[in-house]
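Hi everyone, thanks for coming along.

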Amino acid sequence: MELRKKKGPAILRRARQDEPGKGGVEHRTPSAKSRIYASFRPFILPLLLLFCTFFYYFGELVNWLAWDAVRNEFFYGVHDVHRLLFLAPIIYAGYNARVKGAVIVTLVSFVIFLPRAFFISPFPDPLLRMVLFIIAAGLIGSLTGVIRNQADRVKQLNFVVEDERNKLVNIIDSMADGILVTGPDFKIRFMNSIMVKEFGEGTGLPCYKHLHKLNDPCEQCMIPNVINDKEIGKWECRLDDNRIYEIVAAPYVDTDGVVCQLSIFRKVAGFKNV
């Protein structure tokens with residue numbers, strides 16, 4: 001990821017957009033769909049458990065109500081298959097209520113299974129098989145909660161990093177000196193507002209072409225030395241229009257892990273607006 005690109009949202013542009021009153025990030029009101037989901041969300045988990053319970057004991061309900069028309073051998077088969085449906089509310093609880101929610105729903109499911117295990121199931125070792133399923137389902141739900149927690153931590157960390165990065169870019173953008181970040185391929189990755197004012201927008205272009213109007217890298221180019229030797233360099237740069245800049249450059253690791261050159265351009269003589 002580059003500090004600034006022509007295509008896609010750039011950090012600098014996001015930093016400017018996030019400033020209040022400048023057409024940046026707005027606080028949007030929830031959509032009608034979001035409001036409907038929020039209103040029904042508290043009922044989703046209870047309805048899932050109710051549906052799973054109804055399905056789990058459907059064979060017994062058919063016998064009790066004498067619904068011969070809906071009688072099916074599937075509802076009288078091995079109950080391990082029927083219990084798989086309870087993975088839905090357990091995983092849902094783990095995703096939304098994290099580990100604690102997954103544990104609670106797993107215990108509720110255990111209570112729901114008990115009557116069939118003790119009084120109804122004709123299959124061998126019904127209690128043992130039920131306990132094994134509860135342990136496996138609880139682990140799956142808890143793992144879902146742990147993964148969600150980790151994802152939220154990463155998301156929060158990204159927000160913090162992005163905020164600090166935007167602050168840094170705003171500071172750089174307001175400096176009196178020009179700031180230029182150039183990659184090892186000589187392409188410009190970032191220009192602050194001073195550099196854009198003096199040389200024009202050149203992000204994504206080779207520095208030798210944008211700054212010096214050349215087709216090949218400058219003979220005295222210091223970018224390979226600064227990047228490869230990882231040392232601070234200092235030199236003067238004279239342009240064809242008699243502008244002279246004192247340049248201080250240092251290696252800089254960009255957000256994509258590529259070692260680049262960060263240069264500070266300070267006017268010495270012949271300064272004029274372009």
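Let me start with what I mean by a cavity: on a 1 Å grid over the protein atoms alone, a cavity is a set of points where a 1.4 Å probe fits but cannot get out, while a pocket is an open set with protein on both sides within 12 Å along at least five of seven lines. Lining residues have an atom within 4 Å of a point. Grid points are joined across faces, edges and corners, and a volume is the space filled by probe spheres set on the points.

Two words on the background. This is a predicted model, in which local features need pLDDT of at least 70 and side-chain atom pairs count only at pLDDT 80 or more, whereas totals for chains, interfaces and linings use all residues. Residues are numbered from 1 along each chain as its sequence is written, and side-chain values use heavy atoms, with hydrogens and water left out.

So, how many cavities of 30 Å³ or more does the structure hold? There is one, and the volume of the largest cavity is about 50 Å³. Its lining is made up of Val78, His79, Asp80, Arg83, Arg116, Ala117, Ser121, Phe123, Pro124, Pro126 and Arg129. Two or more of the lining residues come from each of helix 4 (79-83), helix 5 and helix 6 (126-173). Helices here are DSSP runs (H or I, at least four residues), as are strands (E, at least two), and both are numbered from the N terminus. Helix 4 has the largest share of this lining, with three residues. By class, the cavity lining has five nonpolar, two polar and four charged residues. For those classes, Ala, Val, Leu, Ile, Met, Phe, Trp, Tyr, Cys and Pro count as nonpolar, Asp, Glu, Lys and Arg as charged, and the others, Gly among them, as polar.

Now to the open spaces. The largest pocket contains about 280 Å³ of space. It is lined by 18 residues, and His212, Cys221, Trp235, Cys237 and Ile247 are the closest to its centre. At least two lining residues each come from strand 1 (178-182), helix 8 (207-212), strand 3 (233-238) and strand 5 (259-269). Which element gives the most to this lining? That is strand 3, with four residues. The lining of the largest pocket has 11 nonpolar, five polar and two charged residues.

The second largest pocket holds about 200 Å³. Among its 13 lining residues, Leu211, His212, Lys213, Leu239 and Asp240 lie nearest its centre. Helix 7 (193-199) and helix 8 are the elements giving two or more residues to this lining, and helix 8 has the largest share, three residues. Here the classes come out as five nonpolar, two polar and six charged.

Let's move on to helix packing. Two packed helices are described by the angle between their axes and the distance between the axes. Axes are lines fitted to C-alpha atoms, for helices over the stretch in contact, and angles run from 0 to 180 degrees between N-to-C directions.

Helix 2 (residues 32-56) and helix 5 (residues 87-120) have axes that come within 11 Å and cross at roughly 30 degrees. Helix 2 and helix 5 are therefore roughly parallel to each other. Angles under 35 degrees count as roughly parallel, over 145 as roughly antiparallel, 65 to 115 as roughly perpendicular and the rest as oblique.

With helix 3 (residues 58-65), helix 2 has axes that come within 4 Å and cross at roughly 60 degrees, so helix 2 and helix 3 are oblique to each other.

Last, the axes of helix 5 and helix 6 are 8 Å apart, and the two pack at an angle of about 170 degrees. Helix 5 is therefore roughly antiparallel to helix 6.
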